[in-house]
Amino acid sequence: MQTKQFSGWITAVGYLFGAGLVFIGGRFLLAPEVAERGYGLVFDQPTNAFHYIKGIRDVFSGLLFIGFTAARWFKPLGGVTLAGSLIPVVDMLIVLSDPHAVAGSEWIHGGTAIALWVYGYVLFRNERSTHQPQFEHTITHRQGQ
């Protein structure tokens, strides 16, 4: 059986996305006012409920990236990446629709979505390219017996 060969940068990006999300989520949990300005909105709420919801969502997503990357589950990571790209798209639309949003903050959400689309595509493209040789090897091996 042939092992899946992914370049080091693909693995590094998986860890980088994961660590970034854990950082962002942790910031929402530990420094909510700073994090919300980085998100692009300023909330005038008596509690930090939104911050905790956003924080745990990002920590969980980051741990998925780290866990799937460590386990070398690249095809599932590609699926999670592409499905999860919906989050920054919606975040961008939320920021764009708020008249009191921090100016220019929508670009980070749009850029994140694009980065996730590219990374998800690369994961699926590389995953598929490793399946064909495995199939051919199995057929050749059985014919030789």
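Which residues lie nearest the centre of the largest pocket? Select L21, I24, D58, P88 and T112, and you have them. Before going on, note that this is a predicted model, where local features need pLDDT of at least 70 and side-chain atom pairs count only at pLDDT 80 or more, while totals for chains, interfaces and linings use all residues. Residues are numbered from 1 along each chain as its sequence is written, and side-chain values use heavy atoms, with hydrogens and water left out.

**Stop 1: the pocket**

Now show the whole lining, 28 residues. A pocket here is an open set of points on a 1 Å grid over the protein atoms alone where a 1.4 Å probe fits, with protein on both sides within 12 Å along at least five of seven lines; lining residues have an atom within 4 Å of a point. The volume of the largest pocket is about 590 Å³, taken as the space filled by probe spheres set on the points. Colour the helices next: α1 (8-30), α2 (32-39), α3, α4, α5 (86-97) and α6 each give at least two residues to this lining. Helices are DSSP runs (H or I) of at least four residues, numbered from the N terminus.

**Stop 2: the core**

Select I10, F65, F68, F74, L77, L116, Y119, V122 and L123, the nine residues of the largest nonpolar core. Such a core is a set of buried Ala, Val, Leu, Ile, Met, Phe, Trp, Tyr and Cys residues joined through side-chain atoms within 4.5 Å. Buried means under 20% relative accessible area, exposed over 50%, and partly exposed in between (1.4 Å probe, protein chains only). At least two core residues come from each of α3 (49-70), α4 (74-84) and α6 (106-143), and α6 has the largest share, with four.

**Stop 3: the rings**

Rings of Phe, Tyr and Trp (its six-membered ring) pair if their centres lie within 6.5 Å; planes under 30 degrees apart count as stacked, over 60 as edge-to-face and the rest as tilted. The whole structure holds six aromatic pairs. One of them, F28 with F50, is edge-to-face, with 6.1 Å centre to centre and 85° between the planes. F28 is in helix α1 and F50 in helix α3, so the pair ties together parts 22 residues apart in sequence. F28 is buried at 1% relative accessibility, whereas F50 is partly exposed at 21%.
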